[in-house]
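Colleague: I would like to go through this model with you and ask, for each label, what makes it apply. Please set each value against its cut-off before you conclude.

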Amino acid sequence: AAPWRGVIQEYRDRLPVTDATPVVTLGEGGTPLVPSAWLSEETGCEVWIKVEGDNPTGSFKDRGMTVAVSKAAEQGVKVVVCASTGNTSASAAVYAVRAGMLPVVLVPEGRIARGKLVQAIVTGAKLVQVQGNFDACLAVARGLTDRYPVVLVNSANKDGYRLAGQMTAAYEIVDVLGDAPDLHVLPVGNAGNITAYWAGYQAYKENGPATRVPRMWGYQAEGAAPIVHHAPVAQPETVATAIRVGNPARWEDADAALEESNGRIEAVPDSEILRAQAHLASHDGIFVEPASAVGVAGLLRSHAAGVLDPGQRIAITVTGHGLKDVETALDFAGDVPQLVVPPDAEAAARLLDLG
Ligand code: F0G
């Protein structure tokens, strides 16, 4: 097979680009879709995991960012701005500097994982900490783009470029499985991704290889579950910092995806998120950040509640890499036994009780 060329080149006819659009890419997309023996056995379903942490900056955001920044480059933009809980800022920073633009990233003060912060810092991005949560960051970002010559690269943006790029994840899943799964499961924060997947599956049914669409099952963290509870959350709180969002910009679109697909949305407690994160690593060898384990935790919770029919084919998106936030994973792991030996194989064998 030819080497993967990034989502714009691979899905050019489905994206809002022309020959005049410079392609700003790091080869994003084409991520693994791997079967989970563990989750399949637990649920009696056929469970596949879409590993989005394998994107260039370690999250699914790169799919949309390649499109948003390429379009900004086409328009001669010099400065791009985004609000972020961390992953969008990492992605925006990297794609912007690749296009010769200045990235301005607005993050909640002191509340973002260090692995994400460093990604923006090393690019030389203007990193602005806002004294407020993600929702406040987005309000500031919109205020800037309304009044100054800067372009917003959030998925909330009206141009839809980010979402168009993120739709490619649904295309890839259908391309691998041969058709849409019965069920698609994913975490929901600002609700851009659930909106994009639903649009992607629909587009692939209307004019593509798919013969059907899945039901969409979204999950939010219990302390940041405005869509579940039908009310904004003033002080969203969860260990899954990426989805600490109290008033999602794509709320209505998410509601539409849930209703049209005959889906469901539920909340999961932090304790189950952290357990799912640890089990995904120890059973399947897939290390994701806490927010990315929310779909796994949710699926297990729905299964335990008896609402998951067996025998279904399920795709779960795990959205970002575990190395983004090592502190949380190490805290959860607790006291790991210190196995220290002199440089001697026999001593190591005795300690490991090998013989
Ligand atoms: N998982 C991860 C790892 C994320 O970073 C995000 C969103 C989500 C899930 C939820 O996706 O917002 O489209 O519903 N992160 C945004 C950011 C808010 O700023 O990086 P969503």
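Modeller: The protein chain is divided into domain 1 (7-59 + 161-333) and domain 2 (61-152), with bounds that come from an automatic or database domain assignment. This is a predicted model, in which local features need pLDDT of at least 70 and side-chain atom pairs count only at pLDDT 80 or more, while totals for chains, interfaces and linings use all residues. Residues are numbered from 1 along each chain as its sequence is written.

Colleague: How do you know that domain 1 and domain 2 are in contact, and how many residues are involved?

Modeller: Two residues are in contact if their C-beta atoms, placed from the backbone, lie within 7 Å, and by that rule 40 residues of domain 1 are in contact with 32 residues of domain 2. The centres of the two domains, taken over C-alpha atoms, are separated by 22 Å.

Colleague: Which elements give two or more residues to the side of domain 1 that touches domain 2?

Modeller: They are α1 (7-10), α7 (161-166), α8 (168-177) and α14 (326-333), where helices (H or I, at least four residues) and strands (E, at least two) are DSSP runs numbered from the N terminus. The largest share, 6 residues, comes from α7. By class, this side of domain 1 divides into 20 nonpolar, 13 polar and 7 charged residues; Ala, Val, Leu, Ile, Met, Phe, Trp, Tyr, Cys and Pro count as nonpolar, Asp, Glu, Lys and Arg as charged, and the others, Gly among them, as polar.

Colleague: What makes A291 buried or exposed, and where does A291 lie?

Modeller: A291 has 31 C-beta neighbours inside 10 Å and therefore counts as buried, although its place is in the loop between α12 (270-284) and α13 (294-304). Leaving out residues up to four places away in sequence, A291 touches P187, G189, A240, A242, I243, T319 and G320.

Colleague: Which residues are closest to the ligand, and how many surround the ligand?

Modeller: A residue is near a molecule or strand if its C-beta atom, placed from the backbone, lies within 6 Å of it. The ligand is surrounded by 24 residues, of which the closest are S84, G189, N190, T319 and G320. Two or more residues of this shell are given by each of α4 (87-98) and α9 (192-206). The shell has 8 nonpolar, 14 polar and 2 charged residues, and it draws at least three residues from each of domain 1 and domain 2.

Colleague: What makes β5 and β6 edge strands of their sheet?

Modeller: Two strands pair if DSSP finds at least two bridges between them. The open sheet of 4 strands has the order β5-β4-β3-β6, with parallel pairing. β5 (126-130) and β6 (151-152) each have a single partner strand, so one side of each is left without a neighbour in the sheet.

Colleague: How do you know that β4 pairs with β3 and with β5?

Modeller: Strand β3 (residues 79-83) is joined to β4 by 5 bridges, and 5 bridges also join β4 to β5. Of the 7 residues of strand β4 (residues 102-108), 6 are buried, so β4 is largely enclosed by the rest of the structure.

Conventions. Buried ≥ 20, exposed ≤ 12 C-beta atoms within 10 Å, placed from the backbone.
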